Amino acid sequence: MICPECHAEYLDHIQECGDCQISLVDACPIDLPIPDMTWSSLPPFEGKIYADMAAELLDQHSIPYYLKMDWFSSAFNVEATSLSGQMVRIFVPEEHMNKASELTLAILGQAK
Ligand SMILES: [Zn+2]
């Protein structure tokens, strides 16, 4: 078993990293080479509602992405859309950047 955070190795019967307090994972998946992918950030979205709209568009076009918020809403189950001034960044692989910018341009326009 291996810690996904600090990459320390543990015996198989140990479930949690003593340093990071997170669940250990099987060593195999992270031994695989990381896909050669460069992630780029789209312009930040002001509010999760716009980020969600953008994410939906990316979904429709099979563009991989991940969202990064300046807020721990997911961890604490807080409904983030009720908060103003929240910024959400969407990261897409560089090769999909042009298409993603094009798709999300309309949403960014609305957000202004
Ligand atoms: Zn650890």
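Trainee: In which strand is V92 found?

Mentor: V92 is in strand β4. Helices (H or I, at least four residues) and strands (E, at least two) are DSSP runs, numbered from the N terminus. Residues are numbered from 1 along each chain as its sequence is written. This is a predicted model, where local features need pLDDT of at least 70 and side-chain atom pairs count only at pLDDT 80 or more, while totals for chains, interfaces and linings use all residues.

Trainee: How many helices and strands does the chain have?

Mentor: There are four helices and four strands. Reading from the N terminus, the order is α-β-β-α-β-α-β-α.

Trainee: Back to V92: why does V92 count as buried?

Mentor: We count neighbours. With C-beta atoms placed from the backbone, a residue is buried if 20 or more other C-beta atoms lie within 10 Å of its own, exposed if 12 or fewer, and partly exposed in between. V92 counts as buried because it has 24 C-beta neighbours inside 10 Å. Across the chain's 112 residues, 13% are buried.

Trainee: Which residues does V92 touch?

Mentor: Two residues are in contact if their C-beta atoms, placed from the backbone, lie within 7 Å. Leaving out residues up to four places away in sequence, V92 touches W39, S40, L42, L58, I63, P64, Y65, M97 and A100. Take Y65: it is 27 residues from V92 in sequence, yet their C-alpha atoms are 4.6 Å apart. Of the chain's contacts with a separation of 6 or more, 57% join residues 24 or more positions apart.

Trainee: Which residues make up the largest nonpolar core?

Mentor: First, the general idea: in soluble globular proteins, nonpolar side chains tend to be buried together. A nonpolar core is a set of buried Ala, Val, Leu, Ile, Met, Phe, Trp, Tyr and Cys residues joined through C-beta atoms within 7 Å. Here the largest one has 10 residues: L42, F45, A51, A54, A55, L58, V88, I90, V92 and A100. Two elements, α2 (48-60) and β4 (87-93), each give two or more residues to this core. The largest share, four residues, comes from α2.

Trainee: Which residues of α2 are buried?

Mentor: They are K48, A51, A54, A55 and L58. They lie on the same side of α2, because they cover an arc of only 115° around the axis, the arc being that of the directions from the helix axis to the C-beta atoms. On the other side of α2, E56 and Q60 are exposed.

Trainee: What span does α2 reach?

Mentor: The expected span of a helix is 1.5 Å times one less than its number of residues. With 13 residues, α2 reaches 18 Å from its first C-alpha to its last, close to the expected 18 Å. After α2 comes S62, with a positive phi near 55°.
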